[in-house]
Amino acid sequence: MLTNQILTEQIKEEAEQCREELIQFRRELHQHPELSMEEYKTSHKIAEKLRCLKGMEVITGAAGGTGVIGILKGTKGPGKTVLLRADIDALPIEEKTGLPYASETAGVMHACGHDGHAAWLLGSAMILSKLRSHFPGNVEFVFQPGEENGLGGKKMVEEDHILENPAVDAVFAAHAWPEAAAGELHVAKRCAFGYPGSFEIQVTGRGGHGSWPHECVDPIAVANQIYSGLQQIVSRRLPETAPRVLSVCTIHSGPQDKRNIIPDCCTMTGTLRADKLEVMEQMEDDIKRIAQGIAAANGAFARVTTGHGRAVINSPDAVLFCLQSAAGILGKEHVKLDTKPHLGGEDFSEYVSRVPGAYVYAGIATEKNNGTFGLHSSNFMLEESMIPKMAAVFAQFAVDFLEKGGF
């Protein structure tokens, strides 16, 4: 804890007072989920709530239409600016939780906890709007659309310039985390989310009748060899200590209603993950070399395309700051350093690659639900008691950073 105990107690008290409102707000979002870049009703509800807060400047229409930004100025004088971010989009998943407030939109669900993220960021705005006299500088609340399709963060940073005017000095975000116990906050020591990559390999051979395969160059057979060759990248080409993932996720070739035709082409696609850029680049190079080499050896041709995004790498100073600051709200015993690299993808990378900051994990596992679901699961279950707690944690992050004037 970096600020005085009296202010911390005020933050916790304010969080408790808005508990029911935040939980109800989260349930409304959960009941009416919207997909990436289509969060019109969601953003409208958020903006309505923000406009009710004293001292809050509200900006709508960001990221092409559905992003919402709130800017709150402390009245203790000028100072630095801290940005708190929540993602607000849902997923194309049919909900199977059986909750009384389950999704009413067929095939769409908040299966990643973004409804909770939006609720606790709103809670932090409600808390801080009442405590403006206790901190200098500015707090920027960013409700970002399009995290799941990777478009929202880039648009808000590069098109809406949310890291400028005022210039942002620190950024923070959090994710509901099924691997952590409810009531706990885990802080990634370095890699909160890895470099997300993808690849496509299109093998072109020579099609023909299945009865005369010797007259063809079978792209399916070649793709099968390439598939086997790709597995050696992670098992033989990279150090055993290098966190990495290479998964072939789709293979398509020929029309499904024709069983006697060898097709001309076979296409496979997949995902790549790593916690270091050099590992990602080596995997991309090896995929091209292996695929093109095997194809050429069989008289076929392989066209390979790869690409990757940024990783969410926490700033060392921000990690220590979060551990100390969150302890004031949750207790030191409930705030833990997570030393494992996590290889999922998250477009908060657009923020933290430009400004120092950290991404943290809010525990939602209970004795009843532990191990029964993961992120993007049709039975994803948010532990709602974490909403006011995370609202208080975010508020504490803001006042601690602004009072101290940095990390």
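Visitor: Which residue in E5 is the bridge partner of Arg85?

Guide: The bridge partner of Arg85 in E5 is Ala173. The model is predicted: local features need pLDDT of at least 70, side-chain atom pairs count only at pLDDT 80 or more, and totals for chains, interfaces and linings use all residues. Residues are numbered from 1 along each chain as its sequence is written, and side-chain values use heavy atoms, with hydrogens and water left out.

Visitor: Why is E3 said to pair with E5?

Guide: Two strands pair if DSSP finds at least two bridges between them. Four bridges join strand E3 (residues 81–87) to E5, so the two strands pair. Labels such as these stand for DSSP runs numbered from the N terminus: helices (H or I) have at least four residues and strands (E) at least two.

Visitor: Why are E1 and E15 called edge strands?

Guide: Eight strands form an open sheet of mixed pairing, in the order E1-E2-E4-E3-E5-E16-E6-E15. Strand E1 (56–62) and strand E15 (335–338) each pair on one side only, and that is what the name edge strand records.

Visitor: How do you know that E5 is largely enclosed?

Guide: Buried means under 20% relative accessible area, exposed over 50% and partly exposed in between (1.4 Å probe, protein chains only). In E5, 10 of the 12 residues are buried, so this strand is largely enclosed by the rest of the structure. E5 also supplies four residues to the lining of the largest pocket, the largest share.

Visitor: Which residues that line the largest pocket are the closest to its centre?

Guide: The volume of the largest pocket is about 620 Å³. Of its 31 lining residues, Glu147, Arg273, Gly344, Gly345 and Glu346 are the closest to the centre.

Visitor: How do you know that the span of H7 is close to the expected one?

Guide: The expected span of a helix is 1.5 Å times one less than its number of residues. Helix H7 (residues 277–297) has 21 residues and reaches 30 Å from its first C-alpha to its last, close to the expected 30 Å. Its buried residues include Val279, Met283 and Ile287. After H7 comes Gly299, with a positive phi near 75 degrees.

Visitor: What makes H10 mostly covered?

Guide: Of the 19 residues of H10, 16 are buried. Helix H10 (residues 386–404) reaches 26 Å, close to the 27 Å expected. Gly405, whose phi is positive and near 80 degrees, follows H10.

Visitor: Why is Met37 called buried?

Guide: Its relative accessible area is 18%, which falls under the cut-off, so Met37 is buried. Met37 is found in the loop between helix H2 (19–31) and H3. Although it is not a glycine, Met37 has a positive phi of about 70 degrees. Most residues other than glycine have a negative phi, and most peptide bonds are trans.

Visitor: What is the relative accessible area of Ala63?

Guide: For Ala63 the value is 1%, so Ala63 is buried as well. Ala63 lies in the loop between E1 and E2, and its phi is positive, about 55 degrees, although it is not a glycine.

Visitor: Where is Pro166, and is its peptide bond from Asn165 cis or trans?

Guide: Pro166 is in the loop between helix H5 (152–158) and E5. The bond from Asn165 to Pro166 is cis, with omega near 5 degrees.

Note on methods:
On a 1 Å grid over the protein atoms alone, a cavity is a set of points where a 1.4 Å probe fits but cannot get out, and a pocket is an open set with protein on both sides within 12 Å along at least five of seven lines; lining residues have an atom within 4 Å of a point. Grid points are joined across faces, edges and corners, and a volume is the space filled by probe spheres set on the points.
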